Amino acid sequence: MKKNVFTAVCLFLLGLGLCGCSADTEEKAMEILRGQAPRKEEGLLRVGLIQTGKESDWRDANTNDYLHHFVEERGYELIYVDGNSSPERQVQAMRDLIWQRVDYIILQPIVETGWEETIREAGEAGVPVIVADRQIAVADSEYAAWIGSDFYGEGRKAMEWLETYLEEQNRGEEEINIVLLEGTEGATAAIGRTQGILESLSFHENWNIMARECANFTQGEGQSVMEKLLEELDPSDIDVIISENDNMMFGAMKAMDRKGITYGPEGEIITISFDALREAFEKMMDGKLHVSVECNPLLARGVEKIILDLEQGNMVQDKCQYIEEQLFDFRNAAEHIGARAY
Ligand code: GZL
């Protein structure tokens, strides 16, 4: 019987991609079976990081920030779990990390829903959970803290910029047709940005959303969705494309290039995006992109401060911590690109 359970645990760990080689898997499985947390280096804080999975350059910058910050020489053992774009896999990973009795869990959720049970289980096991980037639909009394961006505010910032720009172009009274590429359904970044964008329409009855489609924050889907829309719509009717991240905008640009459609400050269509990747600065400087609203992926330092507060027995003062970020456009991109960290 023991052997079957042992095998099951091995498969469970391998299924989570928590360990590459079978020997490591066996060792972890034996430790779990013995009811002992895996070997804890003396003095190292064991921190589990549950990431969403690779979907954007923003995500790479966010992951790398954690990997460079939570290192052994700084007193941490980081257990990294790739959610592989699967909310179910993320929930599994929460249970495994609780099982391994890590000291802290950093959760970067793909979507807001489905977290009630495992957040409760973490609380019962005494494992503090710090939610980062997107949010979860659980009372904030149930987890240690959240740190990330004001996604609604990002959406409003973009639309306030558009309002000013159109006025400057003497187009303030013109009918403006907008195509909106949305991020992953149920993700706070998409929910908040869309809300901020759509709310702004209530102040501009001459602004119309002529199409809105989900492209899941990926470049590939940004291109395929835009190719489809360019077949369905008359491209000459499109005045503005708003993409809820830079990678989807880069894909949309490839689709427009194929049709010979011009865009950006040097083209016909106004282009507005989010994340402020280095490549977005390059496109703003090349006259292809009007705006990228910064969404700062460098969350590791803020997360570590929460952990250190908890380690010192302090209450976390702010359960909801917004990270500083600004809007960049084609007029100021050149002066800022040199200082960009991602
Ligand atoms: C925002 C983050 C979003 C980025 C996208 O905090 O959740 O997910 O804007 C990423 O690039 O895919």
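**Salt bridges and the ligand site in a predicted model**

A search of the whole structure finds 26 salt bridges (a side-chain nitrogen of Lys or Arg within 4 Å of a carboxyl oxygen of Asp or Glu). This is a predicted model, in which local features need pLDDT of at least 70 and side-chain atom pairs count only at pLDDT 80 or more, while totals for chains, interfaces and linings use all residues. Residues are numbered from 1 along each chain as its sequence is written, and side-chain values use heavy atoms, with hydrogens and water left out.

Student: Which residue forms a salt bridge with glutamate 304?

Tutor: The closest N and O atoms of the pair are 3.1 Å apart. Glutamate 304 lies in helix α11 (residues 300–311) and its partner in the loop between α3 and β2 (76–82), so the pair ties together parts that are 230 residues apart in sequence. The partner is arginine 74.

Student: Which side chain has a polar atom 2.5 Å from an oxygen atom of the ligand?

Tutor: For arginine 134, an N or O atom of the side chain is 2.7 Å from a ligand oxygen. For arginine 193, the distance from a polar side-chain atom to a ligand oxygen is 2.9 Å. The value of 2.5 Å belongs to aspartate 275.

Student: How many charged residues does the shell around the ligand have?

Tutor: The classes are nonpolar, polar and charged, the last being Asp, Glu, Lys and Arg. Five residues of the shell are nonpolar and two are polar. The number of charged residues is six.

Key
Polar contact = N/O pair within 3.5 Å; in protein donor to acceptor, adjacent residues only side chain to side chain. Helix = DSSP H or I, 4+ residues; strand = E, 2+ residues; numbered from the N terminus.
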